[in-house]
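Here is a short briefing on strand pairing and aromatic rings.

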Amino acid sequence: MEEVKLIKLRQAEANEVDINGSYKVTLAEPILLEEGDQVTVKSVILDTATESVVTLDNDVNVVMGVAKYLRYYNASQYALTATPLPYFTPDLKIQTICTRLEIGANGYNLGFIVVNPSYTRQIGPFETTWEYTELGTGKKRTHPILVGPFKARDHLSKNILITVGWLVEGKNFRCTDTPATLRRHGIEPFISEQDVVNKSQIELTGNGGWVWLNNGSPIPSGSDVLNVHEELCEFTIPKGSYEPAEIAQIVNDNMVKIDSLGVVGDDYARNVYPLNNPFLSTFAQQSHKIGLLGADMFFCPESTASQQSPASLLKITTVPTTLGTDVFVGGNQVSMNYDLNLKKLNFDSLHMPIYIGPGTPFQPGITFPSDPLPKEIQVSQGGNFFTRLEPADFWLTLGFQGVTVRPTNSTDFITLTDTSTVFPLIINLELGKNIIGALPTVDVLVPKTATYLTPTLEGTINSFTTPILASRQFDVTENDEGYYLLEVGIKLPQKMIGGYLKTDDRTGSNKVQSIITKYFTSGNFLQESGAGSIVYTHIGDSELLSDFDVRVLHPDFSVPNNNELGDKNSVFLEIVKAFKPPDLSQMKLK
């Protein structure tokens, strides 16, 4: 009679988990594999339900860093500066609220990061997370740096150089991603730093790391630095499984709380304002909060370094003292939703619309400025962009990467009209990537009147927006050829041989134990009952089996990400012990 032994390799009982579907299990009781024994995959159960839900194993403390900008700054109307400005306003530039603080003796210029590819494959795009100390405030910050997309084979003899351009406090800049995470994306860990004078001196053939400019010397003290003024939207999502629409509703509920940052009211003498929210504020309230930091309030325009000038940086020195004369800044319409057609989460509102006619009440729309301003479509009055989204893994699970804005500092300071010197910010905002406004379609040129033949440059109603779309598409697998491969890392002399492909030498494997067909309904568990299993019959000396390395792979041997597989995965191996006939030589005849 045959003896059958079943080996359970369950991710929940693993000694080590690299990523969902890739884990190591040590058996509580080793099994002896003898000559004639057969090993086969009895059943595989994969947690593919995560393709349609977001599963949180623990409570998630969400942090959204929010900045505010205004597009129609008009100093003469608002009387917010002590002296007249030397240029016409409004100039239609996006003006971001910033703080100005003095630089101490411990400021450094972080120029670049150096990326070392680990093997020949496509790299990224993916976000690496970095920790640093903000110059001026001394606060610990984290911010993602997008790596890729790159073709690694184009960088086999020279590493990849990514421009950073940050002014930071102290030399404590570091990547917070684990080495395993970085290698999984095709790059080596960042383990070294370089001090150089300029870009041409950077060593591009060694290990990945980061580069301090000015030969690693501090930047001159006594100058000032501008930082984007950030306020936080913080809340906790309890652990559990959520539909994407549920996540959108939870985020919405917390974004729109009027008193999320404290008390509200109408008492300017006591610095109490009509709302206290990170997305929308008033000039007086922002001036008060920035003053508590010991900083000056500035408006910094969206521009390149070559366009910065003393006149373009607006120091706010006079602010309203009553609700009737105050001015809103930021976004009054903020929203995340789940698009059922695209199957993606998105921020569809993160701005203050321009309110236009006809009649009253005014409707959100777009407008063309009147003379002497340029006749350019204006898609918002103001709005917000994100300076950070934490924890990074949570937002990457939702599909939001490359959304946050981390302005860089110009390497050359400029002298302002008050004779102070400052390193200006270079802020690049892009509609549909990190900011939102009305959708500037060709329809905005058509007047909504009895006749449609005469073009107009008057305000036009347009309720559509240009959203920030997440990259993740729920219920859809990115790499889908209809099957998975199962590798079990035990020393069995078998091999799967693939075709010859110049761009990838990994077309075969000696560890594949099963082919898992994906005939299943999305949003459920995937079960394979061994139909694609490779049967192995042991010949030779006996072996003791105790450690098993399980890996579920795509057909191209890439590893599925955590959006594709959950953590409730199990593999069952079956060992059929060979029947051993009795040894007649040892039997005694009566």
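Strand E10 (residues 126-133) pairs with E11 in the antiparallel sense over 8 bridges. Strands here are DSSP runs of E, at least two residues, numbered from the N terminus, and two strands pair if DSSP finds at least two bridges between them. This is a predicted model, in which local features need pLDDT of at least 70, side-chain atom pairs count only at pLDDT 80 or more, and totals for chains, interfaces and linings use all residues. Residues are numbered from 1 along each chain as its sequence is written, and side-chain values use heavy atoms, with hydrogens and water left out.

**Sheet**
- Phe126 has Val147 in E11 as its bridge partner.
- An open sheet of 3 strands runs in the order E11-E10-E14, with antiparallel pairing.
- Its edge strands, E11 (140-147) and E14 (174-175), each pair on one side only.

**Aromatic pairs**
- The whole structure holds 16 aromatic pairs (ring centres of Phe, Tyr or the six-membered ring of Trp within 6.5 Å; planes under 30 degrees apart are stacked, over 60 edge-to-face, the rest tilted).
- Trp130 and Phe173 are stacked, because their ring centres are 4.7 Å apart and their planes are at 5°.
- Trp130 lies in strand E10 and Phe173 in the loop between strand E13 (160-169) and E14, 43 residues apart.
- Trp130 is buried at 0% relative accessibility, and Phe173 is buried at 3% (buried means under 20% relative accessible area, with a 1.4 Å probe and protein chains only).
- Trp130, Tyr132, Trp166, Phe173, Phe190 and Trp210 form one aromatic cluster.

Definitions and conventions. Helices (H or I, at least four residues) and strands (E, at least two) are DSSP runs, numbered from the N terminus. Buried means under 20% relative accessible area, exposed over 50%, partly exposed in between (1.4 Å probe, protein chains only).
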